[in-house]
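Reader: Please show me the sequence and the structure. I would like to go through the strand pairing step by step.

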Protein chains: 2
Amino acid sequence: MKKYAAQSRILVAIDCIIFGFDGAELKLLLIQRGLEPEKGKWSLMGGFVEQEEGLENAAARILRQLTGLENVYMEQLQAFGDPNRDPVERTLSIAWFALVDIHKYEKQLSDDHHPEWVPVKKLPPLIFDHRHMVDIAKKRLQYKAALHPLLFELLPDSFTIPQLFNLYQAVYDKKLDKRNFNRKLLSAKLLIKQKHKEKANSRRGAFYYKLDKRKYYKHRDAFMSFLPTRNIFS
Amino acid sequence: MKKYAAQSRILVAIDCIIFGFDGAELKLLLIQRGLEPEKGKWSLMGGFVEQEEGLENAAARILRQLTGLENVYMEQLQAFGDPNRDPVERTLSIAWFALVDIHKYEKQLSDDHHPEWVPVKKLPPLIFDHRHMVDIAKKRLQYKAALHPLLFELLPDSFTIPQLFNLYQAVYDKKLDKRNFNRKLLSAKLLIKQKHKEKANSRRGAFYYKLDKRKYYKHRDAFMSFLPTRNIFS
């Protein structure tokens, strides 16, 4: 079949925004860019989409090549298409984002390109429009976390309530009321209390909890249950 | 500056998913495709992105050229990038979506390319992956409407509670409880009751309401107020 008429073809890239949580802080995985321009500056994990490659596969390949990470669940954020966003040549970038438990992936993280976890609160200057991408990704995270209990993806199997509380405060950039948070959280009955305590951060210690996975997966995609009129106009 | 090495450049298109509401039904604006392949089949409003053009401008231009519609607020949905989605040549499509009040735009709608409002419940077969795009757009609409009162964008200045109720049922594909809906809606105090009634659809008639715009705009982007713990785990 004939190709389309003389339309412009555009370079297409992928950028991966990988959020991680280490129990205390929300972090972002960054590397130092390996090619000119801006070589050596801090960057998201990026690369070009190949002619025969789907976007999801391209995102997984680029993340694996630059960081060693595999089987990370990523969602597409959106396309960033300002004609001047890359000074070399017009490059459309499709951004993907993920949430991971930092400890779960620390053995996989390859050192070839020196990927580093950097606190979201203290990001260095990033190349091109990457800071804008991070801001949009954080907004999407806030949206999704408001309707799904998806922040549990960022936590280890056993976690404490103060850890979860820190995570919510970090994602929403907001001081929350601790007592209210605990009460609502426990009344949801999604958590199973464990016998042992975490004692590194306080003398009294904090009990570990595990997620009730059966209930969690049942509700994870069922955001209709949070809906509609009750919450919308409150 | 030198261009990037021998990377593949890809054709980039835009597709516009325009939802409209006419007081009773949720509809989608479609046209019959003007070029081969699939010429004459039902399609979203689509076209190619030009080399120097931003994505938002491209979306507005394509919508204007094909339908006459201008100043429609659109949001980017996401990129659709399956290498085989277009049989002629790999074409990446960036989909945009919008919500409009059908009556507000009926005078603007140009007849050059025969755009038509089709009920979402009775869509004809669409070309390529356009049906998939519509499904994803509808999900996004459900998400956003759960956190913002944005469905009012779809309604005329004066509307009745039964119209709003129909709209929510259409967006969520779900039978809702009418009394519960009314109670929650009115308790939000976002609406101002008008003196006149709509009488076309029932003998008793239904009072018209207007949105309290000051309150509406104050809350429209403030989804933190719907958040966090109270609704998440309910």
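Reader: In this predicted model, how many bridges join β1(B) to strand β6 of chain B?

Author: Strand β6 covers residues 91-101 of chain B and runs parallel to β1(B). Within this pairing, B:Ala13 stands opposite B:Ser93.

Reader: Which residue in β4(B) stands opposite B:Cys16?

Author: Strand β4 of chain B, residues 45-48, pairs with β1(B) in the antiparallel sense, over four bridges. In that pairing, the residue opposite B:Cys16 is B:Met45.

Reader: Which residue of β1(B) is the bridge partner of A:Arg9?

Author: Strand β1 of chain A, residues 9-21, runs antiparallel to β1(B), and three bridges join them. A:Arg9 takes part in this pairing between the chains, and its partner in β1(B) is B:Leu11.

Reader: Why is strand β1 of chain B largely enclosed by the rest of the structure?

Author: A residue counts as buried when its relative accessible area is under 20%. Strand β1 of chain B spans residues 9-21, which makes 13 residues. The strand is largely enclosed because the number of them that are buried is 12.

Technical notes: Residues numbered from 1 in each chain as written. Chains lettered and ligands numbered in written order. Predicted model: local features only at pLDDT ≥ 70, side-chain atom pairs only at ≥ 80, totals over all residues. Heavy atoms only, no water. Buried < 20%, exposed > 50% of the residue type's maximum accessible area, 1.4 Å probe, protein only. Helix = DSSP H or I, 4+ residues; strand = E, 2+ residues; numbered from the N terminus. Pairing = 2+ DSSP bridges.
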